[in-house]
Amino acid sequence: MLCPVIIISGCNSPPPPPKMKPPAVTVAEPVQKTVVFNQDFTGTLASVASVDIRARVDGILEKVNFEPSATVKKGQLLFEIQRDQYQAILDKANAQLAASNAQLKDAQVTLERNQLLLKKQAVTPQDVDDAEAARDKAQAAVMAAKADIEQATINLNYTRINAPITGEIGRNLVDAGNLVGSGENTLLTTIVTMDPIYVYFDASERLLLEALKNRKKVDEKITLTVYVGLSNEEGYPHKGELDYADNKVDPGTGTIQLRAIFKNPKGLLYPGVYVRVRVPGSPIPGALLVHDVAIGTDLAGKYLLIVGKDNIVEKRQIEIGQVQDNLRVVLKGLKPGEKYIYEGLQRARPGRPVEIKNQPPQSTAQQQKQTNPAKTAGAPKTEKAKPKPASDSQ
């Protein structure tokens with residue numbers, strides 16, 4: 001008889017899973033240096049003076065004495081309108097003056113004669129009064145004739161149109177041979193000044209308040225250096241000065257219109273063109289700069305992942321400023337020497353450890369460099385600054 005043999009095996013637990021290795025990240029320490037907190041805006045160029053040239057008398061346009069887009073000088077002859085009719089009106093007014101003077105002379109002689117005859121009772125007082133009235137009427141006729149001559153001279157001068165300012169002239173809007181000034185003051189062309197030139201821009205009230213702090217008296221002019229750059233230029237190579245600020249802040253937008261004036265000897269700045277405007281602020285010594293890619297965003301705002309004691313990750317809310325040398329300025333929430341993660345952000349979790357990659361040593365010369373405010377504002381290029389790499393804490 002066969003007896004079944006039951007073999008009871010032991011119930012051993014499976015081996016525990018291997019411990020997860022902390023994720024590897026790359027960290028850096030913030031660069032600390034003096035920076036200038038610039039404020040950037042968009043502006044529009046406008047000429048200091050712009051004049052519409054119009055026909056003020058009617059007639060045939062006989063000559064156009066300029067080339068389109070040329071630079072004209074103040075007083076330069078631009079257009080000539082038919083003069084014949086206005087010269088004839090002036091000649092008639094001169095003839096009328098001569099006749100009025102003759103009538104005045106006759107009336108004066110008659111008055112003097114009647115005054116003598118009145119003493120001899122050869123005429124009545126009424127005759128003297130009539131002679132005085134005739135003399136006064138003749139004097140008024142002389143004054144009217146002189147006014148007609150003045151008006152005729154003005155109209156005759158309007159037939160020659162001269163440039164009222166120095167500037168760049170547009171094209172002639174009416175060709176020679178056409179009737180102008182009939183029923184309206186026909187627009188003939190426009191002249192604008194090119195040097196100097198204005199830029200208008202709307203700035204934040206913060207900029208205004210900072211500028212007002214530098215004033216010593218209420219009626220003192222606000223001083224502010226302004227830089228502009230065209231869309232095809234690098235940086236802000238054109239330097240100007242603030243010369244106008246509106247007398248109120250728009251409460252709806254919190255902005256105020258400002259205007260700066262710029263020298264434009266080469267004519268690179270053209271009226272109507274949009275430009276980038278930069279106003280440099282006061283230097284900020286010891287500012288901290290980090291890689292822009294290291295900055296995250298959540299409902300609470302901007303944050304960095306900081307590697308602290310025992311390589312534990314901490315989520316730190318920060319306040320940021322503008323970009324300087326391809327790095328982002330951190331205004332609040334970060335201390336010098338702290339390590340932040342800028343590579344491997346997806347693998348790092350707040351409250352958990354990470355492994356810091358070893359990095360080759362680099363020069364700290366970038367940290368010692370001080371940013372020049374004028375170069376930051378107006379230079380076409382700036383040297384890239386690199387954050388100081390953190391050493392391996394493990």
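Predicted model: local features only at pLDDT ≥ 70, side-chain atom pairs only at ≥ 80, totals over all residues.
Colleague: Which strands make up the closed barrel, and how do they pair?

Modeller: The closed barrel has six strands, in the order β3-β12-β15-β14-β13-β16, and their pairing is antiparallel. On average, neighbouring strands of this sheet are turned by 40 degrees against each other, with direction ignored.

Colleague: How many bridges join β3 and β12?

Modeller: Strand β3, covering residues 39–47, and strand β12, covering residues 197–204, pair in the antiparallel sense over five bridges; in β12, Y198 is the bridge partner of A46.

Colleague: And which strands does helix α3 touch?

Modeller: Helix α3, residues 205–213, packs on the sheet and touches β3, β12, β15 and β16, while its direction makes about 105 degrees with that of β12.

Colleague: Staying with β16, is Y274 buried or exposed?

Modeller: Y274, which lies in strand β16, has a relative accessible area of 60%, and because the cut-off for exposed is over 50%, Y274 counts as exposed. Leaving aside residues up to four places away in sequence, Y274 touches T42, G43 and T44.

Colleague: Switching to the helices, at what angle do α1 and α2 pack?

Modeller: Helix α1 (residues 84–119) and helix α2 (residues 125–158) pack at about 165 degrees, with their axes 8 Å apart. Angles over 145 degrees count as roughly antiparallel, and therefore α1 and α2 are roughly antiparallel to each other.

Colleague: What residues form the contact of α1 with α2?

Modeller: The residues of that contact divide into 20 nonpolar, 13 polar and five charged, and the crossing in which α1 passes α2 is left-handed.

Technical notes:
Residues numbered from 1 in each chain as written. Heavy atoms only, no water. Pairing = 2+ DSSP bridges. Helix = DSSP H or I, 4+ residues; strand = E, 2+ residues; numbered from the N terminus. Axes fitted to C-alpha atoms, helices over the stretch in contact; angles between N-to-C directions. Contact = heavy atoms within 4.5 Å. Parallel < 35°, antiparallel > 145°, perpendicular 65-115°, else oblique. Left-handed = near helix turned anticlockwise from the far one by under 90°. Nonpolar A, V, L, I, M, F, W, Y, C, P; charged D, E, K, R; others polar. Buried < 20%, exposed > 50% of the residue type's maximum accessible area, 1.4 Å probe, protein only.
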